[in-house]
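Here is a short report on one structure. It moves from single residues to helix packing and then to the chain interface.

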Protein chains: 2
Amino acid sequence: MRTSLDRLTPFMVMDILQRARQIPGAVHMEVGEPDLSPSPKVIEALQRAVQQRRFYYTPAKGLPELREAIASYYKRNYGVEVPVERILVTPGTSGAFLVVFSLLKELDGMVILADPSYPCYRNFLYLLGLDPLFIPVGPERNYQIMPEDLNRKGVSALVVSSPSNPTGTVYDPEVFKALIEEAERLGIWFVSDEIYHGLQYEGRSETALRFSDRTIVINGFSKYFCMPGLRVGWMILPQEMVRRAEMICQNIFISPNTPAQYAALEAFDEGYLQTVRETFRQRRDFLYGALKEMFPVDARPEGAFYIWASIGEYSNDCLQFAKRLLEKKGVAITPGVDFGTNQTDRYVRFAYTRPLDELEEGVRRIREFLKEGL
Amino acid sequence: MRTSLDRLTPFMVMDILQRARQIPGAVHMEVGEPDLSPSPKVIEALQRAVQQRRFYYTPAKGLPELREAIASYYKRNYGVEVPVERILVTPGTSGAFLVVFSLLKELDGMVILADPSYPCYRNFLYLLGLDPLFIPVGPERNYQIMPEDLNRKGVSALVVSSPSNPTGTVYDPEVFKALIEEAERLGIWFVSDEIYHGLQYEGRSETALRFSDRTIVINGFSKYFCMPGLRVGWMILPQEMVRRAEMICQNIFISPNTPAQYAALEAFDEGYLQTVRETFRQRRDFLYGALKEMFPVDARPEGAFYIWASIGEYSNDCLQFAKRLLEKKGVAITPGVDFGTNQTDRYVRFAYTRPLDELEEGVRRIREFLKEGL
């Protein structure tokens, strides 16, 4: 009876991270966490919340003002009207996924995930006793799920992330729309993980809500808004799910951290966010340019802060590759196997969440590493 | 297939709370949230964490310094040595319960709960697809589970809270010890909810860890330490559960709010905590004295910040009673039915989480209400 937790997979990158922290001068290209501070307005709002002793619980669905602010953001940023009633603030996007997958569990179907994709998706499913249905995605389709993948028996939902972790790819808006329409036609819930929205360097991200108000949208303040440790996210649900989601939130969270919710009120600071995007764009340009001379990069890195690179020319064991690169040169990266089983042993993920000079140093060391031989 | 979420029960008190907020001058005796600020040292530490931009993720098990500080607290306060390795910091005690019940789910047995007890226990179980086994507890046994209740088939765990919500009762240390020993003899996990520790007005609370290091202890900073909205709790697990619990935390939380964890480092401020306890003791003394002249109080209110009172002389419908008291006199209380089905329709819970003058005003209005007739 130890089935579902036995399927939980530990993150190899955690071992890498722990080891890297012991190495003086290590270059961190493994971490999916922005190094930039949030907007100064966010910090001021947080200080104000502390001064005003905002240490009480908020309603389970979140601070009403914050839900309003999120609704305004959808109007301003995407031109989409979202009723405040359907917006629920959660402890990080992790909290939102927990609630959404708990709701999906009632439907008793499989959940389509891309392989490779963010490992917590499958671990949430395992934890709740749900089954993933993995769609192998590779360079021939820019690592994306396509409408023709959806027509399977016993599927209740699919999860799509665009921009994507670990590949940094972004769905073409037409394909994205077609995918949503096909899901709706088949009666499959479309779960759109939009946590990397804003961090897109070609074109712009469209929210799934633009194409249907029956999608489930998950987002949060941990990436683009640079507030990872404050643990505030949100979900936008179809009306019929709201009441149950609220009851789940009441019971399993009570409410998200209160000062952090007040801080998040100031997060939609367009001027500051533009500098965030530009900073990551410069890093992406540098790192993509440098890496592709050493490794084939067959996923277009148009968003998020990751580059998914093939190490097949050098090794068929990404974990060994990552460990040796760390031990010999003090450069930490994430082995591809953390993200799935589809060819992932021949890929690694580079994060550009550190300043340009560190990335330059990292690249210099990787060049040496490859030249000296593994 | 809509079984488990259908069993989730909404809290009636939430409707009461929402309505009470619309009534000017309402007296709040429904809320299970301390009105006192945390120690000034906690607030300074929180401000410092913000100034120092501590917005990154911490390890999933929590800030190492905080886990050390919790271990020291067990040594100092209870005289118990707890290896830091077995302490995990969580987003509130709610987060700890979620992880613990996820671990228990693997054992596929029922979980013993007292009826009445804290409603989230059963809702966590329903959410995860586990079954509670309710033990009806009443005044004849001071609302407590006894060793002879445990010998049932198909039970994997029991949850005990002392001091208790909703009754405020505290286990006699001898009974507590016997209960732990009987659970251990039967191979049942003993889950000790110690969130109201410190708020005890006769004798003192013993941690379950004093009697066995194979108990599961859950506690947090939301009650005694007066930090509800900061959402930091902890759990102390038997060694064999630690690795799985850590993997669950990695996946479902990433980590608890970081500034709040730094703030919690300063929460064990004994001088300040003594004034917290004294404040609640005075309120308890006043409210208990006043209420027992109007209602039989058959549960000894020795801890937490609740009084469980029988309204049977006036009504057999606690929800109607609570609603009328609110509409006619603007006093909000919690109907007993929120806590179970065992005689709960003839009880209500009073919280003393507001200043003495408000409690006095509440009592005055309740007297009028009873005199005028419902």
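Gln282(A) counts as partly exposed, because it has 14 C-beta neighbours inside 10 Å. The model is a predicted one. Gln282(A) lies in helix H10 of chain A. Its C-alpha atom is separated by 28 Å from that of Met12(A). Along the chain, Gln282(A) and Met12(A) are 270 residues apart.

The axes of helix H10 (residues 270–291) and helix H12 (residues 356–372) of chain A come within 10 Å. They cross at roughly 10 degrees, so H10(A) and H12(A) are roughly parallel to each other.

Helix H2 (residues 12–21) and helix H11 (residues 318–329) of chain B pack at an angle of about 10 degrees, with axes 11 Å apart. H2(B) and H11(B) are therefore roughly parallel to each other. Met12(B), Ile16(B), Arg19(B) and Ala20(B) make the contact from H2(B). Leu319(B), Ala322(B) and Leu326(B) make it from H11(B). The residues of this contact divide into six nonpolar, no polar and one charged.

| Helix pair | Axis separation | Angle |
|---|---|---|
| H10(A) and H12(A) | within 10 Å | roughly 10 degrees |
| H2(B) and H11(B) | 11 Å | about 10 degrees |

**The two sides of H2(A)**

Which residues of H2(A) are buried? They are Val13(A), Ile16(A) and Ala20(A), in a helix that spans residues 12–21 of chain A. These three cover an arc of only 55 degrees around the axis, so they sit on the same side of H2(A). On the other side of H2(A), Gln18(A) and Arg21(A) are exposed. What covers the buried residues of H2(A) includes helix H11 (318–329) of chain A. Strand E1 (27–28), strand E10 (331–332) and strand E11 (334–335) of chain A are also among the covering elements.

**A buried loop glycine**

Gly198(B) is found in a loop of chain B, between strand E6 (189–193) and strand E7 (216–220). Is Gly198(B) buried or exposed? Gly198(B) counts as buried, because it has 20 C-beta neighbours inside 10 Å. Leaving aside residues up to four places away in sequence, Gly198(B) touches Tyr224(B), Leu273(B) and Arg277(B). Leu326(B) is 128 residues from Gly198(B) in sequence. In space, the two are 31 Å apart, C-alpha to C-alpha.

**How the chains meet**

A rotation of 180 degrees superposes chain A on chain B, with 0.0 Å of shift along the axis and an RMSD of 0.0 Å. That is the relation of a two-fold axis.

How many residues of chain A are in contact with chain B? The contact joins 48 residues of chain A to 47 residues of chain B. On the chain A side, at least two residues each come from helix H3 (40–51), helix H5 (92–105), helix H6 (119–128), helix H8 (239–252) and helix H9 (258–264). H8(A) supplies the largest share, six residues. The side of chain A that touches chain B has 27 nonpolar, 13 polar and eight charged residues. Of the interface residues of chain A, 98% are also interface residues in chain B, so the copies meet through the same surface.

Note on methods:
Residues numbered from 1 in each chain as written. Chains lettered and ligands numbered in written order. Predicted model: local features only at pLDDT ≥ 70, side-chain atom pairs only at ≥ 80, totals over all residues. Buried ≥ 20, exposed ≤ 12 C-beta atoms within 10 Å, placed from the backbone. Helix = DSSP H or I, 4+ residues; strand = E, 2+ residues; numbered from the N terminus. Arc of directions from axis to C-beta. Contact = placed C-beta atoms within 7 Å. Least-squares fit on C-alpha atoms with pLDDT ≥ 70 in both. Nonpolar A, V, L, I, M, F, W, Y, C, P; charged D, E, K, R; others polar. Axes fitted to C-alpha atoms, helices over the stretch in contact; angles between N-to-C directions. Parallel < 35°, antiparallel > 145°, perpendicular 65-115°, else oblique.
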